[in-house]
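This report goes through one structure in short sections. Please keep the sequence and the 3D view open while reading.

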Amino acid sequence: MNFVLTEEQQLIQDSVARFIQENYSLEQRQEIAATSPGFSEAHWQTMAELGWLSLTLPGDFEGFDGNQIDTMLIMEQFGKGLVLEPYLANNVLGTRVLLDGGTDEVKKDLIPRIAAGEAQLTLGYAEEQAGYDLHDVVTRAQREGDGFTVNGRKSMVLHAATADYIIISTRTSGGQADKEGITLFLLDPSLEGVTVTGFPTVDGLQAAEVELNNVTIPADAILGEEGAGFGILQAAAIDGILAICAEAVGAMEILYKDTVEYTQEREQFDHPLSDFQVLQHRMVDMFMEYEQCKSLLYRATLEVVQQGADAIRTVHALKHFVGKTGIMIGENAVQLHGGMGMTEELRVGHYFKRLLVIDAQFGNADYHLQQFAA
Amino acid sequence: MDIDLSPEDLAFQDEVRSFLADNAYRNGDDYNKWRLNWFDLAQDKGGWDVPKWPVEFGGPGWTPTQHYIWEKETATAQVPWDLPFGLSMLAPVLMNYGSEEQQKRFLPDIRARKVNWCQGYSEPGAGSDLANLKTRAEISEDGTHYVVNGTKIWTTLAHIADWIFCLTRTDDSGKKQEGITFLLFPMKQEGVEVKPIITLGGAHSVNMVHFTDVKVPVENRVGEEHKGWTYAKGLLQHERTGLAGISRSIVALAKLKEQAESVKRGNGSLMDDPAFRSKVAELEVDLMAAEFTELRSLAAAAGGNDPGPESSILKLKGTEIQQRIQKLTVEAGGIYSAAWGPLPVGPGFARGGMSGYLASRAYTIYGGASEVQKDVIAKNVLGIKTGGNS
């Protein structure tokens, strides 16, 4: 057992941390968030140049063969800056499905462009009626001639309005919630019948509703086997969960540290707030739960990387705990900052909002506790 | 003790219900006209426009049970918007400590909803520690007016208020609580500058207010110079009782259940989800208790006294309950609770759910933070003596 980073991993972590330090003050971030497309093209190119976009791509395609541990290191630092670039959508979710389901031909075409920051993917996995079940899919793909006709709607698709390709889950057979009969397609959003309606999310990021109205998709756009998309989808969701949980851990660190600092500066009743024991204990709780999150993050990430028998269960435990703890730490950070914590001017509120969204992605705390106990 | 309503109370309940039904807003009505007319009609009922005012100032003189019935019925009916600042906060201070002249000058306009007031209490350095305020009021040499300089923060609706009741420092030689003076002055005048503060849900309701050499005639001082803290304290207890919002929470919880029932989960709805269901049930139990705690406090205050330190219990419990309802609304919104901006996406309540939840985080901060409320209970109710800091 060993929790020490390799030299390469340490270098990545340091370089991401430096990038955040230099480019992601709250002012810088809010400026980027307010302008179209809601992230910085220049930062995206920097990320490509620094190799972050090819970190987990296979060596055969000039990638670095990285795994979820590398993604964790990047995402944890991203969480400290509330990074706006579509790393999760493209490099975690989209790329994972492409690698697991794409033919060599598709990979040869797309992967170099992804590495160069020239093509962006995203994954449309959610639907309104589904709650948090990935296998509840009513968007239908019907075979017609050489291709498929697709009708339905994918919900809250991250960064879909700026993506070059949207990977969608569809039902080609079986009942609404069957795990069999789900087929994934690499959708070109410029096809006729595709309407992508983008909007911001409360955390300052971007999402979209993707309407599919009699869209004709060629059969070679299928990723994986027809009807066997669920396994691929689930693997991508696990990677997504690990990534956003790492991001959450980064955000929680900022929140508890900012709170400790603020309460030592702010005086009320002729004392710094930090003199009050009730507040000290609250901050100790925030700190302890943050550390517990980090432990579960390491545990789940290592289980997944090493394909442990308990991997999925540990991921459920992690997502439950991060959802619950993120909100606890966020609520207390705001409470202990008093009125100032309620303003857009201070950064704590922004980290809190990101943690709220993370809880609602890929299943909230209740959902994963139930999956864990099942 | 008796839980049933008496025949008289039942008759009162019917009367309230028919008043509310007869005078509900109808589509096409001019809202402002309807609003002011509604208060006129309520006044004609015998002080129903000012339920909490004492009889000698035109209030209805209801029993605690009647107040309870009124709260419950108005929480579900459509009633005109109203602000607490003049009506429930300043008015009792004027009744208890204001001069007869001040009562005659200010109370009728408050009652007629003609003048909007805001509350100049918190300052950048005086939040939970309210008595630490630094806004100065200096008496002029001829003794005819004060000159006010300083900054107030978190001033709710200062941008629409006509007047402010304001705590100022007139002496800092003694204890913090001494040397505070309670002044009234118009907001729309030179030297008063209002700057918006945008809060987490993106809303503008609170402000920063700067005063630069604002002249306030001495006749606008309530009570004695340096004694303002005494008057302000009673007002805070009124504010706290108002913030508990128990009746509103009962309505909100019913709405939450409806919303959760409209959210599909598997073959049923979110209300069939055991975790969600049990959280709703826990809330319901807490509300049942809080409703009776409020009733007990109403009964205790029936003599027209200040609500007393028990009001802190209600503020604490009531605001936590409101926050939990908001939190569950966000959970019910699921993935769509993250959607933001003007586009309608997902179930209708999801958007309002997130902004409501974010706004609700202030409930345990303003009007005396929960931590301070607990200090108040420890000290004044439990009688715990400490060498402590507050």
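## Helix α8 of chain A

The model is predicted. In chain A, helix α8 covers residues 277–305, which is 29 residues. At 1.5 Å a residue the helix should span 42 Å, and its end C-alpha atoms are 42 Å apart, so the two values agree.

Which residues of α8(A) are buried? They are A:M283, A:M286, A:E289, A:Y290, A:C293, A:L296, A:L297, A:A300, A:T301, A:E303 and A:V304. These buried residues pack against three other helices of chain A: α4 (68–81), α7 (230–265) and α9 (311–337). Just after α8(A) comes A:Q307, with a positive phi of about 50 degrees.

## Contact between chains A and B

Chain A gives 35 residues to the contact, and chain B gives 34 residues. On the side of chain A that touches chain B, at least two residues come from each of β3 (147–158), β6 (194–200), β7 (206–218), α9, α10 (348–360) and α11 (365–373). That side of chain A has 14 nonpolar, 14 polar and seven charged residues.

## Domains of chain B

The domain assignment divides chain B into domain 1 (7–82), domain 2 (117–228) and domain 3 (245–381). Between domain 2 and domain 3 of chain B, the C-alpha centres lie 32 Å apart.

How many residues of domain 2 of chain B are in contact with domain 3 of chain B? Seven residues of domain 2 are in contact with eight residues of domain 3. The domain 2 side of this contact has three nonpolar, four polar and no charged residues.

Note on methods: Residues are numbered from 1 along each chain as its sequence is written. Chains are lettered from A and ligands numbered from 1 in the order in which they are written. This is a predicted model: local features need pLDDT of at least 70, side-chain atom pairs count only at pLDDT 80 or more; totals for chains, interfaces and linings use all residues. Helices (H or I, at least four residues) and strands (E, at least two) are DSSP runs, numbered from the N terminus. The expected span of a helix is 1.5 Å times one less than its number of residues. A residue is buried if 20 or more other C-beta atoms lie within 10 Å of its own, exposed if 12 or fewer, and partly exposed in between; C-beta atoms are placed from the backbone. Two residues are in contact if their C-beta atoms, placed from the backbone, lie within 7 Å. Ala, Val, Leu, Ile, Met, Phe, Trp, Tyr, Cys and Pro count as nonpolar, Asp, Glu, Lys and Arg as charged, and the others, Gly among them, as polar. Domain bounds come from an automatic or database domain assignment.
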